[in-house]
Every structure is written in structure tokens, then in C-alpha cells.
Amino acid sequence: MTGRVDFGRRVLVVRHRRIAVRLEWRSVVVCAVLALAVACMAVLALTTGSYQLSPGQVLSALTGGETGLVHDIVVEWRLPRVTAALVFGAALGVSGAIFQSMLRNPLADPGIIGFTQGSYTGALVVILAVNGTYWQLVGGALAGGMATALAVYVLAFRRGVQGFRLIIVGIGISAMLGSLNTWLILKADLEVAMAAAAWGAGSLNGVTWNQVLGGGVCVAVLLLLVGVLNRPMRQMDLGDDAAASQGVRVQPARLGLIVVGVALTATVTAASGPIAFIALVAPQIARRLARTAGITLGPAAFAGALLCLAADYLAQHIAPTPLPVGIVTVVLGGGYLGWLLLTEARRRP
């Protein structure tokens, strides 16, 4: 591991045989600070509730020193929810970073361009048709998200895919799918429709270890694929022509990034329903903290985990009855989206 100055920014270069990984010092520091904030937020979530616990009791329960009620509260009830918020928030942060980097647009969010709605449609069909298991939901959400991504990609393709055109097409597809989802819920039986509508708000209520472990394995595999595609993605930040001149096959790389980004969103949607705006907000917060020209995946993952965990904490304690986390993220993300649109409008002549 060596440190050096590269274009005025201090970096770390980690080498192992023929593999070298370049890490910017500021991004490493930002990830460390965000990880500390995540740890503090996780402890707060594990100690707070109708049955108050001390940090010592939580630590003892996590290390096997507590049994009975305290162990059940920490390990069986609260920890799955905290872990789900961390894993799913990180997945959404990375998914948003992929699309914002690939399309070079801060408004490129899987929810805005229709991929989240497509995943929701696929999972909704599984819920209403067969009342499927978790893995059936994953399959339905993945199929719906991929079908939507394919439709958006084909409709936006004209001598390549331009970011702005893909976003406009995606917004139109998202509106159509939103209407379809509403129609499906209205046509369903009352009890099933109410359950589907509540799940559609994006909720971590009642999340189990099976969902956390299943979703975590899927997210881990997808993040490994993101690591493989990270170098082409950073080269594509310079433009398609510059990336192609460096040997990047632009269209296959872009298609691979779309598939991985949609799969991350679909995995989260299958487990918790569509959690809005984290994929939009987390990469921008990470970019401003890291002060990088482009989107960085590591800080975006930590920022997404922190945002999801904080939003879920507010959802549990802001009202007498726990709310779906998606309600909190919509309120916070809607305000951020308005500010972002205003900022972008002021920058244009």
C-alpha cells in the first residue's frame, strides 16, 4: 500500500500481484466517517423502542451474553430490521450512483426513470396472482424491472442511448406503470389489495432474517459485479468516444450496468417494497462530501445505508404507530428533488 499525489489529490494504491486498486484519501475518510455515523445510528435503533435498552445490554445480546427477553428483542426483532435498512440502503445508493454516473445526470434515479415501478409491477403481479413466496417476489420484481429496462432502452435507442432521452422515456414509462399498478390493486380482493398497497409504500415492518439473508446474498453478488464494471463506468464518465478510445465496449458495458442497477433495485423492492428517493439523494450527498468530479460508489453505498436507517428510525418513532419507511423517504426526498431542480435551473442560462 503506497500513498502519492495524483493530479493534486492524495490517493492510496493497493497492489496485490497484478491487481491494483486506486483509492482517493478523501473518499476513504468520508467512508470511514459515514461508517461511524451508521454504527451510531444502528446502536440508537437497537436501544430505542417501547422496551428501552442500554448500549451495554445490546452489546451483550449481540455477543451472546444475554438470554431471554433482551436477546429476543435485540437479535430477533430489532437487528433484522436494522440490518435490512443497512443492506437495502447501500444497494439503493449504489444503484442510484450507477445510473447517475452512466447517464451523467443528477436526476437519474431508478424510481424516476421507471425501473422501480417496473419491479413493483412484477412483484405486484406475483402477490395478486399467486400470493407468492419471497423468492417468487424476487423473480417477479426482477422480471418486471428487466422488462421495463428493456422497453426504456429500446425506445430511447437512436444511434446509441443518450442520458436525457432515456430519462424522458423512463418518466413516461413510469407514469404508465403507476397507473397499471393502481388498476391492479383496485381490481384485487380487499384484503389482498390493502396488504399490497401497504407493502407498496416501502416498509421494513415485519422483515425477517430469511428476507435479510436472501436479499443480502443477492446484493453481495451484485456488488461484486459492480466492482468488475467500475472501471468501464469511470472511463465512460469522460464520454463515450473517450471510453471507446481506451478499449471500452461502450454499449455492452452500459447494458451490463443497467442490468446490475435494475437487479439491485428489484432485490430491494421484492423484500421491502419500493423505497423512494434514496437512490436519488445518496449519490449526490456522497459526491459533495467526497468532492469528486464524478459519482463514487463506496461513499454512495454508505450514504444510502445511513439515509435508509435514519429514515426507518424516524418512521418508527415519529408517530404513535410505526409508518412505512417509504413515507419518510418520499417527504425528505421530495424536498431534495425540488431543491435539486431549482439548482439545476439556475445553472442553465
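So, helix α8: there's a bend of about 45° in it at L229, with a proline, P232, following within four residues. Keep in mind that this is a predicted model. The helix itself runs over residues 209–236, which is 28 residues. From first C-alpha to last, α8 reaches 38 Å, and that's close to the 40 Å you'd expect at 1.5 Å a residue.

Okay, next up, a helix pair. Two packed helices get described by the angle between their axes and the distance between those axes. For α1, residues 25–47, and α3, residues 69–103, the angle is about 145° and the axes sit 10 Å apart. The crossing of α1 past α3 is right-handed. Who's touching whom? On the α1 side we've got V38, A42, A45, L46 and T47, and they meet V74, R78, L79, V82 and L86 of α3. Sorted by class, that contact comes out as eight nonpolar residues, one polar and one charged.

Zooming out, the protein chain has 13 helices and three strands. Its radius of gyration is 21 Å, close to the 20 Å from the globule rule for 349 residues, so the chain is as compact as a globular protein of that length. And if you want a box, the C-alpha atoms fill roughly 60 × 55 × 40 Å along the principal axes.

Methods:
Residues are numbered from 1 along each chain as its sequence is written. This is a predicted model: local features need pLDDT of at least 70, side-chain atom pairs count only at pLDDT 80 or more; totals for chains, interfaces and linings use all residues. Side-chain values use heavy atoms; hydrogens and water are left out. Axes are lines fitted to C-alpha atoms, for helices over the stretch in contact, and angles run from 0 to 180 degrees between N-to-C directions. Helices (H or I, at least four residues) and strands (E, at least two) are DSSP runs, numbered from the N terminus. A crossing is left-handed if the near helix is turned anticlockwise from the far one by less than a right angle, and right-handed if clockwise. Contact means heavy atoms within 4.5 Å. Ala, Val, Leu, Ile, Met, Phe, Trp, Tyr, Cys and Pro count as nonpolar, Asp, Glu, Lys and Arg as charged, and the others, Gly among them, as polar. The expected span of a helix is 1.5 Å times one less than its number of residues. The bend at a residue is the angle between axes fitted to the seven residues ending there and the seven starting there. The radius of gyration is taken over C-alpha atoms; the globule rule is 2.2 Å times the number of residues to the power 0.38.
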